[in-house]
Amino acid sequence: RAEAMETVEEDVEEYSWREVVLPRLIPVVPHAAPELERETGERRRGRDLLVAIDFGPNSRHAFRWALAHLARIADTLHLVHAVSSVHNELVYNKSQELMDELAVEAFKESLVHTKARIVEGDAGNVICREAERLKPAAVIIGTRGRSLIQRYPSPKPQFSSDCGKP
């Protein structure tokens, strides 16, 4: 499998990532064109949806939730996995296996295209960088098992961006 590796200089911090080459899945849907013709322009073009992935059950749940509640035909799911080093072949290979499995599932369940990227760094920073790069319609992440009350303990939830913007 071919892969791309790139290091981008951002201020003083390096931004290393590796693209994951996923299996090419081509839908065979006879007589689907009239249905797609009735779709709106945005829906036909598709949206970008960013899904943070790791090996835990919460990210798998978030992925499946995105397929069931957000993903539509023509959308692109961007799977992002944050790792400590993109040069660790064992981590890369296990991540690639996971991404391959999820890409096949996304295609079978929702007929959506999937792209995947393994990015070096802290998960929160990685998700923010990828969201800034892609400008997705939605960012989907797991909750690490925390309930709404545990996440927002104040009587009135205060929502702010975790990406450094108020």
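**Figure 1. The side chain of Arg18 reaches the backbone oxygen of Val86 at 2.8 Å.** The model is predicted; local features need pLDDT of at least 70, side-chain atom pairs count only at pLDDT 80 or more, and totals for chains, interfaces and linings use all residues. Residues are numbered from 1 along each chain as its sequence is written, and side-chain values use heavy atoms, with hydrogens and water left out. Arg18 also makes a side-chain to side-chain polar contact with Glu89, at 3.0 Å. A polar contact is a pair of N or O atoms within 3.5 Å; within protein, one must be able to donate a hydrogen and the other to accept it, and residues adjacent in sequence count only if both atoms are side-chain atoms. Arg18 sits in strand S2 (residues 13-20). Arg18 counts as buried because its relative accessibility is 1%. Buried means under 20% relative accessible area, exposed over 50%, and partly exposed in between (1.4 Å probe, protein chains only).

**Figure 2. The protein chain holds six helices and six strands.** Helices (H or I, at least four residues) and strands (E, at least two) are DSSP runs, numbered from the N terminus. From that end, the elements run β-β-α-α-β-α-β-α-β-α-β-α. Of the 166 residues in the protein chain, 33% are buried.

**Figure 3. Strand S3 pairs with S4 and with S6.** S3 and S4 are parallel and share five bridges. S3 and S6 also run parallel, joined by three bridges. Two strands pair if DSSP finds at least two bridges between them. Leu50 stands opposite His78 in S4. Leu49 faces Ala138 in S6 as its opposite residue. S3, H3 and S4 form a right-handed β-α-β unit: with the strands pointing away from the viewer, the path from the first strand over the helix to the second runs clockwise. Four of the five residues of S3 are buried.

**Figure 4. The largest nonpolar core has 25 residues.** A nonpolar core is a set of buried Ala, Val, Leu, Ile, Met, Phe, Trp, Tyr and Cys residues joined through side-chain atoms within 4.5 Å. Val51, Phe63, Leu77 and Leu79 have the most contacts inside this core. S3 (48-52), H3 (57-69), S4 (76-83), H4 (89-110), S5 (113-120) and S6 (138-140) each supply at least two of its residues. H4 gives the largest share, six residues. Beyond its neighbours within four places in sequence, Val51 is in contact (heavy atoms within 4.5 Å) with Phe63, Ala66, Leu77, His78, Leu79, Val80 and Ile140. Another core, of eight residues, lies apart; among them are Trp17, Leu50, Val126 and Ala131.

**Figure 5. Helix H5 covers residues 123-134.** Its 12 residues should span 16 Å at 1.5 Å a residue, and the end C-alpha atoms are 16 Å apart, so the two values agree. The expected span is 1.5 Å times one less than the number of residues. At the start of H5, a side-chain oxygen of Asp122 comes to within 3.2 Å of the backbone nitrogen of Gly124. Val126, Cys128, Arg129, Glu130, Ala131 and Leu134 are buried in H5.

**Figure 6. Leu111 and Lys135 each take a positive phi of about 55 degrees.** Most residues other than glycine have a negative phi. Leu111 lies in the loop between H4 and S5. Its relative accessibility is 31%, so Leu111 counts as partly exposed. Lys135 lies in the loop between H5 and S6. Lys135 is exposed, with a relative accessible area of 61%.
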